[in-house]
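These are my notebook entries on a single structure.

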Amino acid sequence: MLDWLNDDQRALRDMAATFARKEVEPLAVQIDREERTPDSLIAKAAEFGLFGLYISPEYGGAGCDIVSVCLVAEEIAKASPAFAGALTVQMVLCPKTVEILGTEEQKRRILPKSASGERLIAYSQSEPAGAANISAHLTRLEPEGNGYRLDGAKLFCTQASAKTYLVMCKTRNHEGKEGYGCIIVEQEAEGMQVLPYEHKLGWRGTNTGPISFNNVRIEADGILGDVLNGGVMHRAANTANVLSHAATSLGCAQGMFDKTLEQVKERRLYGKGMSELQPIAYWMAESHAKLTAMRALLYSNAAAFDRGALDPVMGNVCKAWIGETAFEICSKLLNLWGASGIMDVTGVNRYMRDAKAKCIAEGSSEIHYAIIANQLFHGVGSLVAPESVGR
Ligand SMILES: Cc1cc2nc3c(=O)[nH]c(=O)nc-3n(C[C@H](O)[C@H](O)[C@H](O)COP(=O)(O)OP(=O)(O)OC[C@H]3O[C@@H](n4cnc5c(N)ncnc54)[C@H](O)[C@@H]3O)c2cc1C
């Protein structure tokens with residue numbers, strides 16, 4: 001499968017697999033237990049160039065295509081889906097949003113530091129009213145003098161300890177017109193506060209938590225794109241983002257499968273190899289079939305995206321279906337470990353927990369299926385209220 005990959009893509013995939021095996025796998029259980037990625041691994045990821053993979057070379061990145069990004073995300077997720085989840089936010093969502101919407105000055109200010117891992121970026125949209133329900137969001141940007149003032153609070157911010165935040169919020173311009181914009185807030189800004197992180201079921205490679213803004217001064221160069229219309233994620237950034245997340249779900253399920261295959265081959269039950277128990281062999285074969293279909297779906301759509309030929313709703317198809325199927329696989333295969341899979345000692349139940357978290361993060365499956373349904377029934381590949389497309 002994937003015999004159409006070019007030499008660069010193959011080489012990158014092999015390097016990522018080696019990086020995942022040598023650097024990520026030995027820390028995967030620790031990352032899950034301690035709910036954080038060690039700084040040493042973040043430094044190695046930066047050295048490897050992971051943060052800049054999808055950033056254009058003129059801003060310090062490698063300028064890779066989304067197929068390459070997905071290959072890397074899949075390999076890392078096989079070892080640690082929790083680390084891979086945090087990585088995709090840094091590799092795709094945040095920098096691509098800046099690269100698409102930002103002014104030249106903003107791109108030069110933010111992207112080289114993001115590519116080098118010096119200043120990680122967080123994307124902050126969710127509020128208690130619901131992440132996608134943006135018409136009910138309360139965080140607001142109001143004009144003040146020749147700049148603006150930001151007030152409000154956000155939830156579930158991945159990489160809540162980042163240095164730079166992209167904050168989606170209601171906005172008003174100096175002429176009194178209202179919209180929904182994307183604001184750049186630096187961690188050092190007065191009035192900006194990172195609140196205690198949440199403990200999570202899965203995707204524990206990064207801190208996720210609330211942040212708040214109390215009378216934070218925002219200058220004009222802190223607005224990303226149009227002040228009234230920068231907050232709805234750009235379609236291209238969104239599609240690239242959900243494809244990379246589908247890749248982490250695929251890697252998560254593949255990682256669980258690979259570990260379970262070893263176990264099934266080695267374990268003996270009733271005096272014979274476990275694979276000779278027919279239901280066990282069936283679940284392994286069925287999971288293999290699903291993984292093959294997931295991979296074909298993801299990479300054919302990623303390649304179409306790179307050619308500029310992808311119907312964006314296929315990004316939603318990949319995110320929702322691959323995410324849910326990954327959870328089904330991880331959940332089913334955990335049965336094959338018996339009680340030892342439930343106990344922490346084998347370190348495999350994290351795959352099922354990470355797969356579930358991925359069904360919610362970056363827009364829960366229902367939100368993606370709602371977008372797909374609107375495409376089917378109304379020819380509009382977004383949520384019914386166009387202003388509420390998002391995560
Ligand atoms: C690990 C993790 C990391 C996250 N990181 C970030 C982050 O960095 N930044 C950020 O802003 N957010 C982040 N989120 C939040 C995430 O984007 C939201 O949780 C997700 O989009 C669902 O929104 P909600 O939790 O507000 O659910 P709600 O909007 O409260 O909805 C609850 C449920 O209702 C259903 N539903 C909601 N809307 C629709 C719809 N339109 N159509 C059909 N069904 C619907 C879904 O089943 C949904 O799960 C993260 C979440 C997780 C779990």
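**Entry 1: α1 and α3.** I looked up the handedness of the crossing between α1 and α3 and found it right-handed. The model I am reading is a predicted one. Helix α1 covers residues 7-24 and helix α3 covers residues 39-48; their axes come within 12 Å and cross at roughly 165°. I then listed the contact: α1 contributes Met15, Ala16, Phe19, Glu23 and Val24, while α3 contributes Leu41, Lys44, Ala45 and Phe48. Sorted by class, the contact of α1 with α3 has 7 nonpolar residues, 2 charged residues and no polar ones.

**Entry 2: α5 and α7.** I next took helix α5 (residues 81-101) against helix α7 (residues 235-266), and noted an angle of about 170° with the axes 9 Å apart. The two helices, α5 and α7, are therefore roughly antiparallel to each other. On the α5 side I recorded Pro81, Ala84, Gly85, Thr88, Val89, Val92, Leu93, Lys96, Thr97 and Ile100. On the α7 side I recorded Ala236, Ala237, Ala240, Asn241, Ser244, His245, Thr248 and Cys252. By class, the contact of α5 with α7 comprises 10 nonpolar, 7 polar and 1 charged residue.

**Entry 3: α5 and α11.** I asked at what angle α5 and α11 pack. The value is about 25°, and their axes are 9 Å apart. Angles under 35 degrees count as roughly parallel, so α5 is roughly parallel to α11. Pro81, Ala82 and Gly85 of α5 make this contact with Arg350, Tyr351, Asp354 and Lys358 of α11. I counted 3 nonpolar, 1 polar and 3 charged residues in the contact of α5 with α11.

**Entry 4: cover of α11.** I then checked how far helix α11 (residues 349-360) is covered, and found 9 of its 12 residues buried. The buried residues in α11 are Asn349, Arg350, Tyr351, Arg353, Asp354, Ala355, Ala357, Lys358 and Cys359. After α11 comes Glu362, and I noted that its phi is positive, near 60°.

**Entry 5: cysteines.** How many disulfides does the structure hold? I found 0 disulfides. A disulfide requires two cysteine sulfur atoms within 2.5 Å, so I looked at two cases. For Cys157, the closest cysteine sulfur is in Cys94, 8.3 Å away, which is too far for a bond. For Cys330, the closest cysteine sulfur is in Cys252, 4.1 Å away, also too far for a bond. I noted Cys157 as buried, at 0% relative accessibility, and Cys330 as buried at 0% as well.

**Entry 6: two glutamines.** I located Gln159 in the loop between β3 (147-158) and β4 (164-172). Is Gln159 buried or exposed? With a relative accessible area of 11%, Gln159 is buried. Leaving out residues up to four places away in sequence, Gln159 touches Ala86, Gln90, Leu120, Ile121, Ala122, Tyr165, Thr206 and Asn207. I found Gln254 in helix α7, where its relative accessible area of 11% makes it buried. Apart from neighbours within four places in sequence, Gln254 is in contact with Lys78, Leu291 and Arg295.

**Entry 7: positive phi.** I looked up Leu2 and read a phi near 60°, a positive value in a residue other than glycine. Leu2 belongs to the segment before α1 and is buried, with a relative accessible area of 7%. Glu35 likewise has a positive phi near 60° and is not a glycine. I placed Glu35 in the loop between α2 (28-34) and α3. Buried means under 20% relative accessible area, so Glu35, at 18%, counts as buried.

**Entry 8: Leu383.** Where does Leu383 lie? I found Leu383 in the segment after α12 (365-378), and buried at 13% relative accessibility. Along the chain Leu383 and Ala370 are 13 residues apart, and I noted 6.4 Å between their C-alpha atoms.

Notes: Residues numbered from 1 in each chain as written. Predicted model: local features only at pLDDT ≥ 70, side-chain atom pairs only at ≥ 80, totals over all residues. Heavy atoms only, no water. Axes fitted to C-alpha atoms, helices over the stretch in contact; angles between N-to-C directions. Helix = DSSP H or I, 4+ residues; strand = E, 2+ residues; numbered from the N terminus. Left-handed = near helix turned anticlockwise from the far one by under 90°. Contact = heavy atoms within 4.5 Å. Nonpolar A, V, L, I, M, F, W, Y, C, P; charged D, E, K, R; others polar. Buried < 20%, exposed > 50% of the residue type's maximum accessible area, 1.4 Å probe, protein only. Parallel < 35°, antiparallel > 145°, perpendicular 65-115°, else oblique.
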